[in-house]
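Biologist: Please show me the model, and let us then go through it by question and answer.

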Amino acid sequence: SGAIGGDSWVRETQTGTLLLLRSSPVGVRSIVAGKLLVPLVLAPAQAALWLGMLGLGGAQIENLAWLLALTFLMASYLAGLGIAVAATVRRTASSQTLYALLVLVSVGLSLLLPRDLFNVLAVLSAGKTPSDALATVAIIAAAALVALVGGVLVAARAVRRTT
């Protein structure tokens, strides 16, 4: 999600498409929201398809709504991070490198969560909702909100600067 949003942003900055969009009657936050829409819809849709295929294969998946919500939260976190990096760096290779580094740092920080993210996915899909798994989801939701709002603000400021 972050790579899709970030790469799209960098390419449109380099080709001048963002300048063209800025001259349209659409507001800056709407432009940024539009850039984030695809990554935020694509990840849960892909997860739903995978879970559907697993179900067709005979696997019993519980808590589908929780799993899709967690996928959306992770996509939001990564997309917000990706768009903030892309709007700040504005070069493809540098943006991808910094984004990859921040994702690795995020993976390292995830070790501090009450329960491992993959374990949360496993227990939720098994139909259980232990309190430490829900605490992990809450922390991820907070991180996603901060990353997404921060990414939108950084990108909106970058669009305003280019005009």
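Modeller: A salt bridge here is a side-chain nitrogen of Lys or Arg within 4 Å of a carboxyl oxygen of Asp or Glu. This is a predicted model, in which local features need pLDDT of at least 70 and side-chain atom pairs count only at pLDDT 80 or more, while totals for chains, interfaces and linings use all residues. Residues are numbered from 1 along each chain as its sequence is written, and side-chain values use heavy atoms, with hydrogens and water left out.

Biologist: Which helices and strands does the protein have, and in what pattern?

Modeller: Helices (H or I, at least four residues) and strands (E, at least two) are DSSP runs, numbered from the N terminus. The protein has 7 helices and 0 strands. Along the sequence, the pattern is therefore α-α-α-α-α-α-α.

Biologist: Which side chains meet in a salt bridge?

Modeller: A search of the whole structure finds 1 salt bridge. Its N to O distance is 3.0 Å, and the partners are the side chains of arginine 115 and aspartate 132.

Biologist: How many residues apart in sequence are the parts that this pair ties together?

Modeller: Arginine 115 belongs to the loop between α5 and α6 (117-125), whereas aspartate 132 belongs to helix α7 (residues 131-162). The pair therefore ties together parts whose separation in sequence is 17 residues.

Biologist: Is arginine 115 buried or exposed?

Modeller: Buried means under 20% relative accessible area, exposed over 50%, and partly exposed in between (1.4 Å probe, protein chains only). Aspartate 132, at 26% relative accessibility, counts as partly exposed. Arginine 115 has a relative accessible area of 19%, so this residue is buried.

Biologist: Which residues does threonine 136 touch?

Modeller: Threonine 136 lies in helix α7 and, at 0% relative accessibility, counts as buried. Contact means heavy atoms within 4.5 Å. Not counting residues up to four places away in sequence, threonine 136 touches Leu113, Pro114, Arg115 and Val120.

Biologist: Which residues make the nonpolar surface patch?

Modeller: Patches are made of residues with over 30% relative accessible area and no salt bridge, with like charges joined within 9 Å and nonpolar side chains (Val, Leu, Ile, Met, Phe, Trp, Tyr) within 5 Å. The patch covers about 480 Å², and one of its members, leucine 101, is found in helix α5 (residues 92-109). The residues are Leu98, Leu101, Val105, Leu109 and Leu112.

Biologist: What share of the residues in the protein is buried?

Modeller: The protein contains 163 residues. Its buried residues make up 34%.

Technical notes. Accessible areas come from the Shrake-Rupley method with a 1.4 Å probe; for residues, only the protein chains shown count as cover.
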